[in-house]
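This short report walks through a few local features. Keep the sequence and the 3D view open as you read.

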Amino acid sequence: MSYFKMIKTENTDSQYEFWSQYRNQLTTYIKKGLEENCRKNSWVAIWGAGGCNDIDICELSKEYKLLLIDQDIDKLRSLREELGLGKEVCKVADVGFWTITDEDYEMFEALIMDGATIEEFQDYFADLINNMPEPIKLNTYNVDCSVAVGLASQLNARFAALLYLYKDKIKHIDINLMHEEINKLNQLATERLYISLRQLTKSLVITGYELCSCYSNSEAEDKANQLIKCFEKGIYGGDFLSGMEQNFIEVAGNEYWHKLMYKAII
């Protein structure tokens with residue numbers, strides 16, 4: 001399997017009907033947060049919008065204006081046209097906080113196939129970061145609320161996927177060192193996401209991030225019950241992160257995002 005065959009498996013359009021219950025629950029949660037904290041017809045940014053299979057943007061567009069953010073601008077434009085949303089109520093943008101191109105991933109794949117050393121991989125990652133373009137000036141956009149769900153874990157997932165795909169090609173390398181390099185990328189990527197999100201957003205951030213993989217409903221419910229016990233009760237109501245939730249996070253990238261969210265609340 002090549003890189004381009006691999007990324008075809010990322011398309012979740014076929015899961016639209018299967019995700020209906022999750023999409024309805026998530027959209028309802030977002031609407032409740034907006035109703036309590038934002039004015040009607042204010043701007044709401046959806047970060048990592050993709051095909052919007054997990055959020056019902058048509059439902060949100062009934063009472064709010066939308067800014068869809070993703071690297072694939074053409075896909076966002078096609079989606080907007082398909083849903084019949086006008087440019088005056090639905091903007092699309094790539095804010096460029098973490099720009100890695102198909103060519104960058106192809107180069108990484110080529111290094112694996114060529115049997116590169118750990119030093120060569122380290123040089124590659126360093127060059128990738130140093131040559132990454134600056135994010136766009138965000139004073140062009142301004143939103144009352146930003147929604148970022150399941151994004152932090154995706155920012156460098158293709159590197160990890162390629163490592164797994166070609167694991168037999170990198171047996172000469174200490175895999176722990178490779179994971180360290182990707183972890184560095186994850187930390188930097190989530191920091192850049194956080195900075196851009198804060199610059200763009202005036203009032204409210206709604207975020208969600210995966211903790212771990214569960215193989216049954218009972219296992220998921222057990223994890224959820226354990227997690228709830230970590231939250232701290234607010235003096236005037238509400239549940240707040242305590243920091244202890246960190247112990248449950250097994251999905252790469254989300255441990256850094258959680259730390260940033262916890263510090264923001266503090």
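## A residue in helix α6

F121 touches F108, L111, I112, A116, I173 and M178, leaving aside residues up to four places away in sequence. The model is a predicted one. F121 sits in helix α6, which spans residues 118-130. Its relative accessibility is 0%, so F121 counts as buried; the cut-off for buried is under 20%.

F121 can also be placed against N254. The two are 133 residues apart in sequence. In space, 23 Å separates them, C-alpha to C-alpha.

## Helices α7 and α8

Helix α7 covers residues 157-165, and helix α8 covers residues 175-200. They pack at an angle of about 165°, with axes 10 Å apart. Angles over 145 degrees count as roughly antiparallel, and α7 and α8 are therefore roughly antiparallel to each other. The crossing of α7 past α8 is left-handed.

## A loop residue

T99 belongs to the loop between β3 (90-93) and α5 (102-113). Is T99 buried or exposed? T99 has a relative accessible area of 18%. Buried means under 20%, so T99 is buried.

T99 has contacts with Q71, D104, M132 and P133, again not counting residues up to four places away in sequence.

Technical notes. Residues are numbered from 1 along each chain as its sequence is written. This is a predicted model: local features need pLDDT of at least 70, side-chain atom pairs count only at pLDDT 80 or more; totals for chains, interfaces and linings use all residues. Side-chain values use heavy atoms; hydrogens and water are left out. Axes are lines fitted to C-alpha atoms, for helices over the stretch in contact, and angles run from 0 to 180 degrees between N-to-C directions. Helices (H or I, at least four residues) and strands (E, at least two) are DSSP runs, numbered from the N terminus. Angles under 35 degrees count as roughly parallel, over 145 as roughly antiparallel, 65 to 115 as roughly perpendicular and the rest as oblique. A crossing is left-handed if the near helix is turned anticlockwise from the far one by less than a right angle, and right-handed if clockwise. Buried means under 20% relative accessible area, exposed over 50%, partly exposed in between (1.4 Å probe, protein chains only). Contact means heavy atoms within 4.5 Å.
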